[in-house]
Amino acid sequence: MIGSPWDFILTIAFLFTAVVCLRVLVQHRIASRSRYEGLTDMGLIHLNHGLMSIAMIVMVWVYVIDAVTWAQVALFGVFTLSLFPLFGRTKPLAGKVDLVSHIVMDAAMIWMLAAMPLLMAGVMGGESSSAHASHHGGGAGAMISATPVWADVVNVVFIVASGAATLWWLCRFLGVRGHRLHSLCHTVMAAGMGVMLFLMNV
């Protein structure tokens with residue numbers, strides 16, 4: 001679905017974020033094996049981004065619609081709502097900004113899934129018109145569809161938001177000691193999200 005070389009670049013990026021997030025979950029499970037311990041706040045965030053990374057890899061290569069898409073929308077909608085109670089348990093301002101960035105990435109994921117047919121309208125319309133022209137020798141202009149202006153605007157908002165999240169996590173990576181792999185993972189996740197939104201709408 002995404003052209004070369006971005007398909008390979010994004011696949012590598014999201015494989016990295018998936019491995020980091022799932023590794024944290026496995027380590028947490030091993031550490032808590034001797035005692036019952038539910039999913040921690042950090043575990044919830046890493047489960048969220050781990051599944052999101054896998055979903056993004058699928059979206060890079062496959063155009064998935066209908067039931068599968070809306071099942072993912074529902075899943076990440078649940079994740080988004082589950083992050084809001086964490087604000088009450090997070091005291092530092094930086095931690096609250098972290099949560100906002102996670103919610104932004106979830107919202108961007110939901111937008112990408114739900115708006116995929118709109119964002120790729122120009123691409124799909126162009127392919128359809130090319131096929132029509134090859135069979136009928138022109139006059140395919142009426143078949144060309146385009147992304148609505150409002151969808152372009154909303155998409156730009158999410159691209160900018162993803163860029164802001166990328167800069168935030170990059171600053172966390174460069175300026176905070178400890179959990180640097182954690183910060184790098186979220187930097188790559190936010191950057192990959194922004195790039196995906198851009199490439200789907202060009």
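The legends below describe an overall view and several close-up views of a predicted model.

Residues are numbered from 1 along each chain as its sequence is written. Because the model is predicted, local features need pLDDT of at least 70 and side-chain atom pairs count only at pLDDT 80 or more, whereas totals for chains, interfaces and linings use all residues, and side-chain values use heavy atoms, with hydrogens and water left out.

**View 1. Overall architecture of the protein chain.**
The protein chain has seven helices and zero strands, where helices (H or I, at least four residues) and strands (E, at least two) are DSSP runs numbered from the N terminus. Read from the N terminus, the order of elements is α-α-α-α-α-α-α. Of the 202 residues, 40% count as buried; the term buried means under 20% relative accessible area, exposed means over 50%, and partly exposed covers the range in between, with a 1.4 Å probe and protein chains only. The chain exposes about 10,500 Å², of which carbon and sulfur atoms supply 75%, the accessible areas coming from the Shrake-Rupley method with a 1.4 Å probe and, for residues, with only the protein chains shown counting as cover. Among contacts (heavy atoms within 4.5 Å) between residues at least 6 apart in sequence, 78% join residues at least 24 apart.

Threonine 11 belongs to helix 1, which spans residues 6-31, and is buried, with a relative accessible area of 14%. When residues up to four places away in sequence are not counted, threonine 11 touches Ile57, Val60 and Trp61. The C-alpha atoms of threonine 11 and valine 58 are separated by 8.8 Å, although these residues stand 47 residues apart along the chain. The side chain of threonine 11 also reaches the backbone oxygen of aspartate 7 at 2.6 Å.

**View 2. Aromatic pair of phenylalanine 8 and tryptophan 61.**
A search of the whole structure finds five aromatic pairs, a pair being rings of Phe, Tyr and Trp (its six-membered ring) with centres within 6.5 Å, where planes under 30 degrees apart count as stacked, over 60 as edge-to-face and the rest as tilted. The ring centres of phenylalanine 8 and tryptophan 61 are 5.5 Å apart and their planes meet at 75°, so this pair is edge-to-face. Phenylalanine 8 lies in helix 1 and tryptophan 61 in helix 2, so that the pair links distant parts of the chain, 53 residues apart. Tryptophan 61 counts as partly exposed, at 41% relative accessibility.

**View 3. Stacked rings of tryptophan 111 and phenylalanine 158.**
The ring centres of tryptophan 111 and phenylalanine 158 are 6.0 Å apart and their planes stand at 20°, so the pair is stacked. This pair links distant parts of the chain, with tryptophan 111 in helix 4 and phenylalanine 158 in helix 6, 47 residues apart. Tryptophan 111 is buried at 12% relative accessibility, and phenylalanine 158 is buried at 18%. Trp111, Trp150 and Phe158 form one aromatic cluster.

**View 4. The two salt bridges of the structure.**
A salt bridge is a side-chain nitrogen of Lys or Arg within 4 Å of a carboxyl oxygen of Asp or Glu. Aspartate 41 forms one with arginine 89, the closest N and O atoms being 2.8 Å apart. Aspartate 41 lies in helix 2 (residues 41-61) and arginine 89 in the loop between helix 3 (67-83) and helix 4 (93-119), so the pair ties together parts that are 48 residues apart in sequence. Aspartate 41 is partly exposed at 30% relative accessible area, whereas arginine 89 is exposed at 53%. Aspartate 98 and arginine 172 meet through their side chains in a salt bridge, at 2.7 Å from N to O. Here aspartate 98 in helix 4 is linked with arginine 172 in helix 6 (residues 149-175), 74 residues apart, and aspartate 98 counts as buried at 10% relative accessibility.

Asparagine 48 is found in helix 2 and is buried, with a relative accessible area of 1%. Leaving aside neighbours within four places in sequence, asparagine 48 is in contact with Phe76, Phe79, Leu83 and Asp106. Histidine 49, also in helix 2, is buried at 1% relative accessibility. With neighbours within four places in sequence again set aside, histidine 49 contacts Cys21, His102, Met105, His186 and Met189.

Conventions. A polar contact is a pair of N or O atoms within 3.5 Å; within protein, one must be able to donate a hydrogen and the other to accept it, and residues adjacent in sequence count only if both atoms are side-chain atoms.
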